2 protein chains.
Amino acid sequence: MSESVENRQIYQVDLGARSYDIHIEAGCLNHIGGALNKLFNSSTRCMVVSNVTVAPLYLARVRKSLEEAGWQVSECILPDGERYKTIDSFNTIMDALMQARLSRNEPVIALGGGVVGDMTGFSASCYRRGIPFIQIPTTVLAQVDSSVGGKTAINHPHGKNMIGAFYQPKLVWIDPDVLQTLAQREIKAGIAEAIKYGLIRDASFFDWMHSNIAAALKLEPAVISTMIHACCQHKAEVVMQDETEQGVRALLNLGHTFGHAIESMTRYTTYLHGEAVALGTLLAVRLSEQCGYAPAGTEKKVAACYKQLGLPLHIPDFDASQWLDAMGHDKKNIGSQIRYILLHKIGDGFVAGSIEPHAIHALIDSYHAG
Amino acid sequence: MSESVENRQIYQVDLGARSYDIHIEAGCLNHIGGALNKLFNSSTRCMVVSNVTVAPLYLARVRKSLEEAGWQVSECILPDGERYKTIDSFNTIMDALMQARLSRNEPVIALGGGVVGDMTGFSASCYRRGIPFIQIPTTVLAQVDSSVGGKTAINHPHGKNMIGAFYQPKLVWIDPDVLQTLAQREIKAGIAEAIKYGLIRDASFFDWMHSNIAAALKLEPAVISTMIHACCQHKAEVVMQDETEQGVRALLNLGHTFGHAIESMTRYTTYLHGEAVALGTLLAVRLSEQCGYAPAGTEKKVAACYKQLGLPLHIPDFDASQWLDAMGHDKKNIGSQIRYILLHKIGDGFVAGSIEPHAIHALIDSYHAG
């Protein structure tokens, strides 16, 4: 499943006809053109979708590599931020694809973080009923999580990621060097998503992350590289087991039911996705303790890790009915039930199907009381 | 592949995990509730999407059957017509699905013709990254063609069906009795699509259709039933061979490259889809003759059949550059080439990859001269 040559690491996500490589290599941004030529018989037209923050930093390098490899490159530059992950941005991408007259076998390339990747992937899945797409993730969060696995979406005004598709990329091209230009806040939010893999399936990785947070925050190459490798391997393993989230993949949503509610209640303006998910994870871990699944002290251990990371740890003040309402629209419901991902212990997550609303009331009350 | 009990016929479209039945039976509209109960473990919520023409005729019967089977039914009623097959209607369906809080395993039901089916299927493919959907086609065109095979889409202002997905229904539920309320013009346009299967893959079916047009126009049950059965079987066979149109499925697009251009150039206001495709088919057959693929007289034979059907046969007056421009946006291009479906003879279609623009100029000129 993996090949390692010096500082280059390649994982194959094996999904039959939808298989693809995750290529991780410092400096590889400059070589995307050659990589595309290996994937496509002929270099013709392609489109790069990016945003106003990332494009000035990296689009010229991507374009140069593509053009040198013979590609005709058009571009679509969106505003930056989760609040633009909308049907309007989707329409903007569609108009650009129509304008560029991309045909069925010509690729679109997502150059950016999770928002750009999700919107570009969903657009690629719909345009002409599906064209190839390539992920070039430029944030920690996208490199450790969202660029792999084919979950694509836009938000509906009443719920996050409610409009989307399972649509796999043809290649994930990860250059850890591009993280150098990230704001500290973005780095922290991304590291929080990396810690998630430790919480749900790998206690020793949680401990390793906890011990290496300072180095990760400074983007020390060896630590960042190990972190990305480990996360991509975890993500690939889970996606290969359960591509469309019928079972085990749901564990990756630890913290997301609460986290999406936080994002929705604060209208995507207050928290980064990774920050909201970290807060949601604290709630899920406390709920795990309150329901008697996880041993006492689990929340404290997770909170200590997040505190060292420097994440905001204050749970916003909404009452329980607001929480339930916001979560009622979460897309991971089955029937009228809300599914929660909880922990038996650190490293052992599970799907809890039968949490009653009063447990959520008690959970929220316990925060207001504290 | 097929089971026949008295006047009930069931074909299985075998696509592995995406397999489903096509159920054809006069009067079956009143039994959709029971059919859904066989498909789903528990009857919970569902939504019916229809339009202002079909809903007053058939929604009450569908709702009654569903409610008697224990389903909680919400509805979304759209305006009628190809010009409403837009992102706005898609948003209307999404809002209704959010409003009804349908969850991942609750189905949406398309009750209507090709436009309703295409939009509903695409919406089902996107909502929560995919929920089950059921086709109840109510036009000849939808019963013989568009409800089977999982092609779903909406139009972009610059091209038909440019935004969509390959997304299979869980069931196609065909009641030929509902055709009784169709306008003659709709019946003719649908029969034209049925004739298509004869042209591309079954010369004897073409002859049979030609001989039975008068009876088909009168909706004589035996003829209509045979026609629907034959078409569903052809469609199912083609889709099983090539679900996502990498090869043989493209033959089903006979007349569509020209036909879509006609619809686009006339802004979806002048021709029904089946009418435009019939005109496009005449152009494709003439092109087949002009390029030396099909024997002289083929166009004449097809035109005679269409004439007996009472279709409009006048090719609209646009110049060749307008045609090429309109077809340049057609989604079936590969690279910068336009793919045409042509005939070697009646019953034998093929994909012609290398038609030069001058051949299209000559084709259009030959009509203007005539």
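Tutor: Let's start with helix 7 (residues 203-211) of chain B and helix 9 (residues 221-241) of chain B, which pack at an angle of about 155° with their axes 12 Å apart. That makes helix 7 of chain B roughly antiparallel to helix 9 of chain B; angles under 35 degrees count as roughly parallel, over 145 as roughly antiparallel, 65 to 115 as roughly perpendicular and the rest as oblique. Helices (H or I, at least four residues) are DSSP runs, numbered from the N terminus. The axes are lines fitted to C-alpha atoms over the stretch in contact, and angles run from 0 to 180 degrees between N-to-C directions.

Before going on, keep in mind that this is a predicted model, where local features need pLDDT of at least 70, side-chain atom pairs count only at pLDDT 80 or more, and totals for chains, interfaces and linings use all residues. Residues are numbered from 1 along each chain as its sequence is written, chains are lettered from A and ligands numbered from 1 in the order in which they are written, and side-chain values use heavy atoms, with hydrogens and water left out.

Back to our pair: helix 7 of chain B and helix 9 of chain B cross in a left-handed way (the near helix is turned anticlockwise from the far one by less than a right angle; clockwise would be right-handed). On the helix 7 side, B:Phe205, B:Trp208 and B:Met209 meet B:Val223, B:Thr226, B:Met227, B:Ala230 and B:Cys231 of helix 9 of chain B, where contact means heavy atoms within 4.5 Å. Sorted by type, the residues of this contact are 7 nonpolar, 1 polar and no charged (Ala, Val, Leu, Ile, Met, Phe, Trp, Tyr, Cys and Pro count as nonpolar, Asp, Glu, Lys and Arg as charged, and the others, Gly among them, as polar).

Now hop over to chain A. There, helix 7 (residues 203-211) packs with helix 12 (residues 298-309) at about 35°, the axes being 10 Å apart, and this crossing is left-handed too. A:Phe206, A:Asp207 and A:His210 in helix 7 of chain A meet A:Lys301, A:Val302, A:Ala304, A:Cys305 and A:Gln308 in helix 12 of chain A. That contact divides into 4 nonpolar, 2 polar and 2 charged residues.

Zooming out, the domain assignment, automatic or from a database, gives chain A domain 1 (2-181) and domain 2 (184-369). Between them, 34 residues of domain 1 of chain A touch 34 residues of domain 2 of chain A.

Finally, the two chains: 42 residues of chain A are in contact with 42 residues of chain B. Chain A and chain B bury about 3,400 Å² between them, 51% of it on carbon and sulfur atoms (buried area is the accessible area, with a 1.4 Å probe, that two parts lose on being put together, summed over both). In chain A, A:Met98, A:Arg104 and A:Arg129 lose the most area to chain B, together 25% of what that side buries.

Note on methods. Helix = DSSP H or I, 4+ residues; strand = E, 2+ residues; numbered from the N terminus.
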